[in-house]
Amino acid sequence: MQADKQLSTEIDANVPTAARMYDFYLGGKDNYAADREAVGELDKVVPSTRRLALNNRRFLQRVVRVLAQDYGIRQFLDHGSGLPTQDNVHQVAQRIAPESRVVYVDNDPMVLVHGRALLDQNDQTAVIHADMRATDEIFSHPETQRLIDFSQPVAVLFNSVFHCIPDSDTDGPRAVVRRVTERLAPGSYAVMCQLVSEDAEVRKFVTDFMDQATQGHWGRVREPKDVEALFEGMDILEPGLVEVSDWRPDTEVAPRQLSDEWIEFGGLGRLR
């Protein structure tokens, strides 16, 4: 059974969300005091998180550029896209190929409001309000149907989102990936990464803290082996699954994740 509860369209400024906390780390303005307070508490235990967020954003921009430039991908379905910031997926892809089409999916009503305002003048891009686990709803949505031809290769993005959902046989990360990829044409791609830690105490603290802060809208910090399992049956492209600042860096002096309290771990897979 997929996630099918009715999503709220009201913005609650008193409850932090991962999207708004991420926005704050990236230097954005679409966040509230509750988000900033949660960030402050989180940083006491994992002070590398701002650098982690920035490196994750740079990874997203690099992998989209590679997909568009090197692999000729012109269709992108971005699950859990978060708040719009600079150099979003459509901007990176459309700089290389103006005909590129992008569908953003997020369950945060603030993302819907700001995303639609940003994309009003871009008819090759859409934002839909849905839970990333609601695969049937996402694939059948009129905007998805308008923009994405699933008989052709598509890049599906799950960038730094799976830690936001709990494990489940029907709606956990592995089930979601399986539901999505079985609908894609051979030669499609999957971008996946999430927060991981080898330190059991860090995993427990962050998982408990974020679960409480977001009032249950959280999954867990996992281990690298959990991310590796998501790519089962795919060809993992070079350089493999890595801490994301090590994924095809633009230069040898590109910013790297220097601390290892927790990292963003993942990469790019191609469907056979």
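Visitor: Which residues is M132 in contact with, leaving aside its neighbours within four places in sequence?
Guide: In this predicted model, M132 is in contact with H79, G80, I138, V161, F162, I165 and V176.

Visitor: Where is M132 found?
Guide: M132 lies in the loop between strand 3 (125–129) and helix 6 (135–140).

Visitor: Does M132 count as buried or exposed, and why?
Guide: M132 counts as buried because its relative accessibility is 11%, and buried means under 20%.

Visitor: How many residues apart along the chain are M132 and I165, and what separates their C-alpha atoms?
Guide: M132 and I165 are 33 residues apart along the chain, and 9.3 Å separates their C-alpha atoms.

Visitor: H79 was in that contact list. Which strand has H79, and is that strand mostly covered or uncovered?
Guide: H79 belongs to strand 1, which comprises residues 75–79. Strand 1 is mostly covered, with five of its five residues buried. On one side are Q75, L77 and H79, and on the other are F76 and D78; all of these are buried.

Visitor: Why do the side chains fall on two sides?
Guide: They do so because side chains in a regular strand alternate between the two faces of the sheet.

Visitor: In what sense do strand 1 and strand 2 pair?
Guide: Strand 1 and strand 2 (residues 101–106) pair in the parallel sense, over five bridges. Within this pairing, Y104 in strand 2 is the bridge partner of D78. The chain passes from strand 1 through helix 4 (residues 89–96) to strand 2, and this β-α-β crossover is right-handed.

Visitor: What stands opposite D78 in strand 4?
Guide: The residue opposite D78 in strand 4 is L157. Strand 1 and strand 4 also pair in the parallel sense, over three bridges.

Visitor: How many residues of strand 4 are buried?
Guide: Five of the five residues in strand 4 (residues 155–159) are buried, and the strand is mostly covered. A155, L157 and N159 point one way, while V156 and F158 point the other way.

Visitor: How many bridges join strand 4 to strand 5?
Guide: Strand 4 and strand 5 (residues 189–196) run parallel and are joined by five bridges. L157 stands opposite V191 in strand 5. Together with helix 8 (residues 173–181), strands 4 and 5 make a right-handed β-α-β unit.

Visitor: Switching to helices: at what angle do helix 1 and helix 3 pack?
Guide: Helix 1 (residues 18–25) and helix 3 (residues 49–69) pack at an angle of about 95°, and their axes are 9 Å apart. The two helices are therefore roughly perpendicular to each other. Helix 1 contributes Y22, F24 and Y25 to the contact, and helix 3 contributes T49, R50, A53, L54, N56 and R57. By class, this contact of helix 1 with helix 3 has five nonpolar, two polar and two charged residues.

Visitor: And at what angle do helix 1 and helix 2 pack?
Guide: Helix 1 and helix 2 (residues 33–45) pack at about 75°, with their axes 9 Å apart. Helix 1 and helix 2 are therefore roughly perpendicular to each other.

Visitor: Which residues meet there?
Guide: From helix 1, R20, M21, F24 and Y25 meet D35, R36, A38, V39, L42 and D43 in helix 2. By class, the contact of helix 1 with helix 2 has six nonpolar, no polar and four charged residues.

Technical notes: Residues numbered from 1 in each chain as written. Predicted model: local features only at pLDDT ≥ 70, side-chain atom pairs only at ≥ 80, totals over all residues. Heavy atoms only, no water. Buried < 20%, exposed > 50% of the residue type's maximum accessible area, 1.4 Å probe, protein only. Helix = DSSP H or I, 4+ residues; strand = E, 2+ residues; numbered from the N terminus. Pairing = 2+ DSSP bridges. Right-handed = clockwise from strand over helix to strand, strands pointing away. Axes fitted to C-alpha atoms, helices over the stretch in contact; angles between N-to-C directions. Parallel < 35°, antiparallel > 145°, perpendicular 65-115°, else oblique. Contact = heavy atoms within 4.5 Å. Nonpolar A, V, L, I, M, F, W, Y, C, P; charged D, E, K, R; others polar.
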